[in-house]
Amino acid sequence: MANFKTLDDLGDITGKVALVRVDLNLPMKDGSATDVTRVEAVKPTILELCDRGAKVLLLAHFGRPKGQRHSTMSTSFVQGDVEEVLGKEIMFVPEVMGPVVEQSLGILRNGDIGLLDNVRFWPGEEANDPEFAKGIAAHGDFYVNDAFSAAHRAHASTEGLAHHLPAYAGRAMEAELKALDAALGNPEQPVAAVVGGAKVSTKLDVLQNLVGKVQHLIIGGGMANTFLAARGVDVGKSLCEHDLTDTANAIMDKADHAGCTVHLPYDVVVAKEFAANPPSLRTCNVHEVSSDEMILDIGPQAVEALADVLKTCRTLVWNGPLGAFETEPFDAATVSLARTAAALTQDGSLKSVAGGGDTVAALMHAGVAGDFSYISTAGGAFLEWMEGKELPGVKALQA
């Protein structure tokens with residue numbers, strides 16, 4: 001794993017100013033957040049810095065203001081939610097640099113927190129303007145990045161500040177980087193990857209990267225239909241990208257050469273209409289799908305075989321559901337395999353790392369979100385990591 005400085009590398013920071021990049025882009029309804037998971041994630045870093053006597057200035061974005069001030073996108077909207085999670089009062093600062101920030105620092109005491117306004121109100125943020133980053137950095141003694149979810153963006157607050165101040169990974173960033181390194185960077189083998197979702201086109205780079213890194217690639221969701229079609233299977237009315245069958249074959253060829261086994265379902269759950277518990281529901285072999293049916297989940301025999309595969313592995317990376325899990329009974333395969341992975345994790349035989357919006361929702365639906373080794377809520381950054389791409393915000397922290 002690359003070297004990163006963490007909060008453990010900080011000496012005495014009493015009275016020092018910590019510029020801390022966090023993700024406070026919370027879903028809102030009627031003026032309050034409907035989910036504060038992102039605040040919970042950065043709480044340990046913020047409170048540790050406060051307890052150690054630093055003045056903490058929080059940098060965050062909220063929505064997509066595209067370099068202009070919008071009254072409805074001020075970070076002041078999330079101030080109350082952040083205060084509630086932290087159990088501390090916060091001073092809102094309606095700028096990110098300049099005299100107002102300097103005056104606020106004069107008012108803040110050691111251990112206090114200031115919340116700067118939406119950093120994306122300034123065009124220099126997304127342009128990663130060095131002068132803009134320098135202006136923000138002028139108010140801090142050191143920089144902490146605790147927003148892995150924004151680490152795939154080369155913005156001033158996620159990448160630029162690291163060039164102007166000593167840079168450290170916050171506790172959430174540190175945990176994420178350690179988990180990802182254990183999953184694909186330097187994993188215990190054999191490694192299995194579950195990749196699901198609707199379309200191969202959205203996961204092409206992920207698949208291309210994984211076949212060279214894992215021993216077992218389990219493909220589910222609508223993506224599996226494209227791979228089945230590439231193998232000559234008639235998938236009926238199923239969601240399928242027929243124009244990508246050559247690409248699917250190329251991925252399977254690459255997997256063969258890399259010693260990676262691609263697992264596709266051989267029994268499936270089908271129906272003539274996509275609805276909860278439809279009368280046309282049945283389970284059949286993949287070669288028995290009729291022209292007016294659509295594949296909506298992996299069948300029980302295939303799930304049992306996949307569970308046996310996981311029992312032979314030491315590491316699992318999971319992104320995407322196996323079927324249309326939002327609608328019963330097409331959640332059965334995802335729930336079953338997720339529970340197998342969770343049980344193996346809990347008995348110590350498997351290290352399991354999962355990420356992506358649908359994945360988190362599916363694991364919560366299965367009741368096992370707390371039983372995986374690590375669940376990333378980073379979305380785009382997690383996907384780019386699975387694609388093998390270098391994340392600017394992470395690279396900037398490397399010692």
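## Basis of the values

The model is predicted: local features need pLDDT of at least 70, side-chain atom pairs count only at pLDDT 80 or more, and totals for chains, interfaces and linings use all residues. Residues are numbered from 1 along each chain as its sequence is written, and side-chain values use heavy atoms, with hydrogens and water left out.

## Overall form

The secondary structure comprises 14 helices and 17 strands; helices (H or I, at least four residues) and strands (E, at least two) are DSSP runs, numbered from the N terminus. The radius of gyration is 23 Å, close to the 21 Å that the globule rule gives for 399 residues, so the protein is as compact as a globular protein of that length. The radius is taken over C-alpha atoms, and the globule rule is 2.2 Å times the number of residues to the power 0.38. Along the principal axes, the C-alpha atoms fill a box of roughly 75 × 45 × 40 Å.

Of the 399 residues, 57% count as buried. Buried means under 20% relative accessible area, exposed over 50%, and partly exposed in between (1.4 Å probe, protein chains only). Among contacts with a separation of 6 or more, 73% join residues 24 or more positions apart; a contact means heavy atoms within 4.5 Å.

## Nonpolar core

In soluble globular proteins, nonpolar side chains tend to be buried together. Here the largest nonpolar core has 79 residues. Such a core is a set of buried Ala, Val, Leu, Ile, Met, Phe, Trp, Tyr and Cys residues joined through side-chain atoms within 4.5 Å. The residues with the most contacts inside this core are Phe148, Leu207, Leu210, Leu217, Ile219, Phe227 and Trp385.

Ile219, with residues up to four places away in sequence not counted, touches Val195, Leu207, Ala224, Phe227, Val262, His263, Leu264, Pro265 and Ile298.

## Helix α8

Helix α8 (residues 221-230) is mostly covered, and ten of its ten residues are buried. Among them are Ala224 and Phe227, two residues that Ile219 also touches. The cover over the buried residues of α8 includes β9 (191-195), α7 (204-210), β10 (216-219), α9 (245-258) and β14 (294-298). Just after α8, Gly232 takes a positive phi of about 90°.

## Backbone features in loops

Most residues other than glycine have a negative phi, and most peptide bonds are trans. The peptide bond from Gln189 to Pro190 is cis, with omega near 0°; Pro190 lies in the loop between α6 (171-185) and β9. Glu328 and Pro329 are also joined by a cis peptide bond, with omega of about 5°, and Pro329 lies in the loop between β15 (315-319) and α11 (332-346).

Lys66, although not a glycine, has a positive phi of about 55°. Lys66 lies in the loop between β4 (55-59) and α2 (79-86) and counts as exposed because its relative accessibility is 68%. Asn128, likewise not a glycine, has a positive phi of about 50° and is placed in the loop between α4 (123-126) and α5 (130-137).

## Thr334 in helix α11

Thr334 is placed in helix α11 and counts as buried, because its relative accessibility is 1%. With residues up to four places away in sequence not counted, Thr334 touches Trp318, Pro321, Leu322, Gly323, Phe325 and Ala362.
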